[in-house]
Amino acid sequence: MFSIFILTYNEEIDIAACIESALLSDDVIVVDSCSSDRTVEIASQYPVRVVQHAFESHGKQRTWMLENVAYQHEWAYILEADERMTAALFQECLEAIQPSQNVAYYAAERVMFMGTWIRRSTQFPRYQLRLLQRGKVWFDDYGHTEREVVDGPTGFLKATYPHYTCSKGLSRWIEKHNRYSTDEARETVQQLQVGTVAWRELFFGESEVERRRALKDLSLRMPFRPLVRWLYMVFVLGGWMDGRAGLAWCTLQAFYEYLIVLKARELEHPEWLNGVSPQPLLSAVPNPDLPQKAMENPLQG
């Protein structure tokens, strides 16, 4: 058996269905980021434990959870409120951990949008680390989300899980991705300044995770990123075959990419905000041609 963690913040719409899917395990823990809606009230009606911890970031929240919340079993699965555990995935997890040479496993999501599985334009199978052994996995922050740090070999599960990414409506999705784009813009600026493209992983990566991350690093350096992403998703990945929902999904993702590009440029050009260019510091050597008062306080009107 393995424990299941459910991460929540204002998830009153999804939490009941998520918990009910997770009750295949005998140890379910809801880790709530101090929700202001009925999330905790609803979760408390089920035979689960509820722990609250103020949210700092996705990586810190996961690491805090694994290091500070007691769980019964040697293995744990991380589930988010808009995701569901399935019987097939649960059974494969049980088989994977007994015995296992790996210390963690990746599972692929099935993005559900407008009542449809968006199979092609979401790069399916797109893997996330979900099943992990105690003391072998930590998380660091990366952009708006996190990246895992694993002490040992990893594996990939065949069973997938549904991810209802827009279960709270388009307004909530747009609000959330507006916040995400701010974090991604900061990460973009940092990567452009000090990062590199992992060309070997891009073409010869051993897993989908390595290739996808290298592709993202490359995409940060491409001109017309939003348009390129839309064309890539629609025609290269085949998003047009996902129907009306697929085209809407591709357009939303391109819009999200455009927000990141604009916010990154804004960070690089703060003068856009108020029309004032950053000024270099005045030399410490006084200029005899300038009034002494101006030298002492050049910003005073």
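E41 is partly exposed in this predicted model, with a relative accessible area of 44%, where partly exposed covers the range between buried, under 20% relative accessible area, and exposed, over 50% (1.4 Å probe, protein chains only). The side chain of E41 meets that of R38 in a salt bridge with an N to O distance of 3.4 Å, a salt bridge being a side-chain nitrogen of Lys or Arg within 4 Å of a carboxyl oxygen of Asp or Glu. R38 likewise counts as partly exposed, at 39% relative accessibility.

Residues are numbered from 1 along each chain as its sequence is written. Because the model is predicted, local features need pLDDT of at least 70 and side-chain atom pairs count only at pLDDT 80 or more, while totals for chains, interfaces and linings use all residues; side-chain values use heavy atoms, with hydrogens and water left out.

By the salt-bridge rule the count comes to 16. One of these joins R213 and E148, whose closest N and O atoms are 2.9 Å apart. R213 lies in helix α7 (residues 208-219) and E148 in strand β9 (residues 145-150), so this pair ties together parts that are 65 residues apart in sequence; helices (H or I, at least four residues) and strands (E, at least two) are DSSP runs, numbered from the N terminus. R213 is partly exposed, with a relative accessible area of 22%, whereas E148 counts as buried at 15%.

Salt bridges that share partners also join E11, D14, R84 and K168 into one network. Within it, the side chains of E11 and K168 meet at 2.7 Å, N to O. This pair links distant parts of the chain, with E11 in the loop between β1 (3-8) and α1 (15-22) and K168 in the loop between β10 (154-163) and α5 (170-194), 157 residues apart. E11 counts as buried, at 12% relative accessibility.

The aromatic side chains form a further set of contacts. A pair of aromatic rings is described by the distance of the centres and the angle of the planes. Rings of Phe, Tyr and Trp (its six-membered ring) pair if their centres lie within 6.5 Å, and planes under 30 degrees apart count as stacked, over 60 as edge-to-face and the rest as tilted. By this rule the count comes to 9 aromatic pairs. In one of them, W117 and F124 have their ring centres 5.0 Å apart and their planes at 85°, so the pair is edge-to-face; W117 is partly exposed at 29% relative accessibility, and F124 is partly exposed at 25%. W230 and F235 also form an edge-to-face pair, with 6.2 Å from centre to centre and 80° between the planes. Here W230 is partly exposed, with a relative accessible area of 26%, while F235 is exposed, at 53%. Elsewhere, Y106, Y127 and F156 form one aromatic cluster.

F235 also belongs to a nonpolar surface patch of about 950 Å², whose members include F224, L227, L231 and W240. Patches are made of residues with over 30% relative accessible area and no salt bridge, like charges being joined within 9 Å and nonpolar side chains (Val, Leu, Ile, Met, Phe, Trp, Tyr) within 5 Å; accessible areas come from the Shrake-Rupley method with a 1.4 Å probe, and for residues only the protein chains shown count as cover. Helix α8 (residues 225-236) gives the most to this patch, with 5 residues. L227 is found in helix α8 and is partly exposed, with a relative accessible area of 48%.
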